[in-house]
Amino acid sequence: MEEISSVFGTYISNYGYFALFGLFFLGILGMPLPEETLLVFSGFLVSTGKLDFWPTFLVCFSGSILAMTIAYWIGRTLGHSLIERVGKRFEIVYQVYQKTRSWFDRFGKWALPIGYFITGVRQFTAYFAGITRLPFPTFILYTYAGGLVWSLLFVTLGWQLGERWEVVFTWISHNLALFALSAVFFLLLGFYLYQKGWMKKGKGEETS
């Protein structure tokens, strides 16, 4: 944690929001970066007054979804063979790739928002969405919703925790699967309530 704070803290201090955007863009595309830790650390910097909340959230969110969108189109245009050929050069990466492939085949479009909360998986889900030719509007809906919750949740967490962010985030990192399921549950609950409210509104307009 101290190493992350010193390295990325200096980098973010020197280059500000541009650094955050670049880190999340490169991390989602596949560079080995601790994205959740960076999100919480960015929230901590908000609590110290070095960054503002909404610009921090927006650059983290936009950097991640831009990378996911590019990965989708890489998968869709270049396809399965290129990723197989490149991935086999790196054994550990290829193992994660195969695991994500199996996982995506099982859960389909739901792998996109859930995968955001699983390190190593989120770097591949967009590629598979493109390879399987998931419709682009569906990809946008599930990916952008997942990225929104993921970015907002962890930045807010760091902002509210302040100096305690390292201790609490260590616990979260060891229970990330449970934390991810909870986050996805609230995402689905919010979507359900929104849809239910929209349906009621539509019925109200019909009766008026």
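**Exercise 1.** Why is helix H6 (residues 122-131) largely enclosed by the rest of the structure?

*Solution.* The model is predicted: local features need pLDDT of at least 70 and side-chain atom pairs pLDDT 80 or more, while totals for chains, interfaces and linings use all residues. Residues are numbered from 1 along each chain as its sequence is written, and side-chain values use heavy atoms, without hydrogens and water.

Step 1. Helices are DSSP runs of H or I with at least four residues, numbered from the N terminus. Buried means under 20% relative accessible area, with a 1.4 Å probe and protein chains only.

Step 2. The buried residues of H6 are Arg122, Gln123, Phe124, Thr125, Ala126, Tyr127, Phe128, Ala129 and Gly130.

Step 3. Nine of the 10 residues of H6 are therefore buried, so the helix is largely enclosed by the rest of the structure.

Step 4. After H6 comes Arg133, with a positive phi near 55°.

**Exercise 2.** Summarise the chain.

*Solution.* Step 1. The chain has nine helices and zero strands.

Step 1. Of its 208 residues, 43% count as buried.

Step 2. Among contacts with a separation of 6 or more, 76% join residues 24 or more positions apart.

Definitions and conventions: Helix = DSSP H or I, 4+ residues; strand = E, 2+ residues; numbered from the N terminus. Buried < 20%, exposed > 50% of the residue type's maximum accessible area, 1.4 Å probe, protein only. Contact = heavy atoms within 4.5 Å.
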